[in-house]
Amino acid sequence: MTALELLDGNACIVGLQWGDEGKGKIVDFLAENAQVIVRYCGGANAGHTVNIGGKKYSTHLLPVGVFRPTVMNLIANGVVLDPVKLFGEIDALAAQGISVTPANLRVSYKTHVVMPYHQAEDAARESAAEGSSIGTTRRGIGPTYADKAHRSTAIRVADLINEDRLKTRVGEIVTDRNVMFAALYGLPPMDWKAIFETYRALGQRLAPFVDDTSRVLIDSWKAGKTIVFEGANANLLDVDHGTYPYVTSSNCSALGLFTGAGAPPRSVNSFVGIMKAYCTRVGGGPFPTEQDNATGEYIRTRGREYGTTTGRPRRCGWFDAVATRYSVELNGITSIALTLLDVLSGLDEIKICTGYTLNGKPLNGFRADMDTLAGVEVVYETMPGWKEEISGCHAFADLPANARRYVERLEELMEAKIAIVSVGPQREATLLR
Ligand code: GDP
Ligand code: IMO
Ligand code: MG
């Protein structure tokens, strides 16, 4: 299957584990054949890395289509947008010769805006929670989605660019939050006028980018353009289907694509799951196959497993076929891209979690439920490793036999085709099967 065939009928790219599966790399690879790239969930909690011609770039809010001159990039309604971070990214890219203008980026007027009091609340809640904190990125993601649900205290992009409405809203909301934050967290009051002035200016800068992205999507689909939906975060971090409460605050599985992108369900035909050859997790929460030992350290060092957004060391462990298979099934995955296979080179043995037991009895499949996950014992299958470095391989057939066997075994366990195998961070280190 070629990358173009994979995209036939528009592709949703979704992480099957706890994030950082290499979605950025794969979307960038597929974007060669796409005209539109859409971010539909999450916000600056995401960190997507691409490596182009020996240079490494990270995006948090911008779709990675900005690195392809002919691509139109959309930030859709399901995203929570921090305008300070957005323009920080745009300015940093401009300094590197990459241009992001209204000609290649449109932002939905329905997108909710992350405000300074959202970040303050995120940080205050995390600090106050002591031992039971979620380990958020402190980017204000949860409080912004909470305001979206509250409605009366929300600020959307349409409000940000309407000066009068912004002034009234910010005045009311900040006055309200000052009382709350002082009582709950002992925080000093925020100056609503200063916040209003800063965000008014940001709104003016954002105005030329603002559009009806749903309309753009529907028109693009009708015109037969190829669209790639760039998932952020991952299925096991989905607010409904992930390992709640250790999740993010949006429906970041493929199930959230349609509401988050404002796209008709029929406009997406292919659901490409991204999974790494092992597991990682940042922040708190259950992680049955975690290896808090020399193996975990080996993976962390070789995979450079440090957060793209926060720099935190990622927790590392063996591939969990029970959890990942749950994601494959729930998201209706039509094909898989397996990433970071090269990280496992050099290990004598590689383990795969093929089952869980609870109180000595086998569990039937995955339960995204804390009480169950906290008590499970992991059943492992062991496979022989391989010694060779594989980043220079150009075809699947060039991989050492044990690496091929490992991929084939994962494919069997997932019951889904592994169509892409990534063996290095560069665009070229991508094998099609
Ligand atoms: P995302 O959030 O899913 O886009 O993933 P991140 O960019 O946060 O983390 C993935 C990391 O792995 C990045 O540093 C990528 O450059 C890197 N990466 C992606 N694919 C591969 C691969 O196949 N091999 C290696 N060694 N690194 C990879
Ligand atoms: P990408 O798109 C890894 C995790 C955080 C934390 C939890 C809640 O790069 O794969 P939040 O700030 O969203 O309230 O944090 O979710 N998390 C991610 N972990 N990759 C991500 O995105 C993540 N987005 C959120 O670490 O545990
Ligand atoms: Mg990431």
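Ligand 1 takes up the second largest pocket of this predicted model. Its shell holds 18 residues, and the closest of these are Lys23, Gly47, Thr49, Asp342 and Ser422. By class, that shell divides into three nonpolar, nine polar and six charged residues.

Several contacts to ligand 1 come from the protein backbone. A polar backbone atom of Lys23 lies 2.7 Å from an oxygen atom of ligand 1, and a polar backbone atom of Glu21 lies 3.0 Å from an oxygen atom of the ligand. Gly424 also takes part, with a backbone N or O atom 3.1 Å from an oxygen atom of ligand 1. On its own, ligand 1 has 580 Å² of accessible area, of which the protein covers 94%. Two elements give two or more residues to the shell around ligand 1: helix 2 (23-30) and strand 3 (48-52).

The largest pocket holds ligand 2. Around ligand 2 there are 21 residues, with Asp20, Lys23, His48, Thr137 and Thr248 the closest. The shell of ligand 2 is made up of eight nonpolar, 10 polar and three charged residues. Lys23 is listed among the closest residues of ligand 2 and also among those of ligand 1.

For ligand 2, side chains as well as backbone supply polar atoms. Thr248 places a polar side-chain atom 2.6 Å from an oxygen atom of ligand 2. His48 has a polar side-chain atom 2.8 Å from an oxygen atom of the ligand. From Asn233, a polar backbone atom lies 2.8 Å from an oxygen atom of ligand 2. Of the 550 Å² that ligand 2 exposes when taken alone, the protein buries 97%.

The contacts described above are set out here.

| Ligand | Residue | Protein atom | Distance to a ligand oxygen atom |
|---|---|---|---|
| Ligand 1 | Lys23 | polar backbone atom | 2.7 Å |
| Ligand 1 | Glu21 | polar backbone atom | 3.0 Å |
| Ligand 1 | Gly424 | backbone N or O atom | 3.1 Å |
| Ligand 2 | Thr248 | polar side-chain atom | 2.6 Å |
| Ligand 2 | His48 | polar side-chain atom | 2.8 Å |
| Ligand 2 | Asn233 | polar backbone atom | 2.8 Å |

The position of ligand 2 can also be described by domain. Domain 1 comprises 3-106 + 212-432 and domain 2 comprises 112-209. Because both domains give residues to the shell around ligand 2, this ligand lies between them.

Conventions: Residues numbered from 1 in each chain as written. Chains lettered and ligands numbered in written order. Predicted model: local features only at pLDDT ≥ 70, side-chain atom pairs only at ≥ 80, totals over all residues. Heavy atoms only, no water. Near = heavy atom within 4 Å. Polar contact = N/O pair within 3.5 Å; in protein donor to acceptor, adjacent residues only side chain to side chain. Areas by Shrake-Rupley, 256 points an atom, 1.4 Å probe, with all protein chains shown as cover. 1 Å grid on protein atoms, 1.4 Å probe; cavity = no way out; pocket = protein on both sides within 12 Å on 5 of 7 lines; lining within 4 Å. Sits in = over half its atoms within 2 Å of the grid points. Nonpolar A, V, L, I, M, F, W, Y, C, P; charged D, E, K, R; others polar. Domains from an automatic or database assignment. Helix = DSSP H or I, 4+ residues; strand = E, 2+ residues; numbered from the N terminus.
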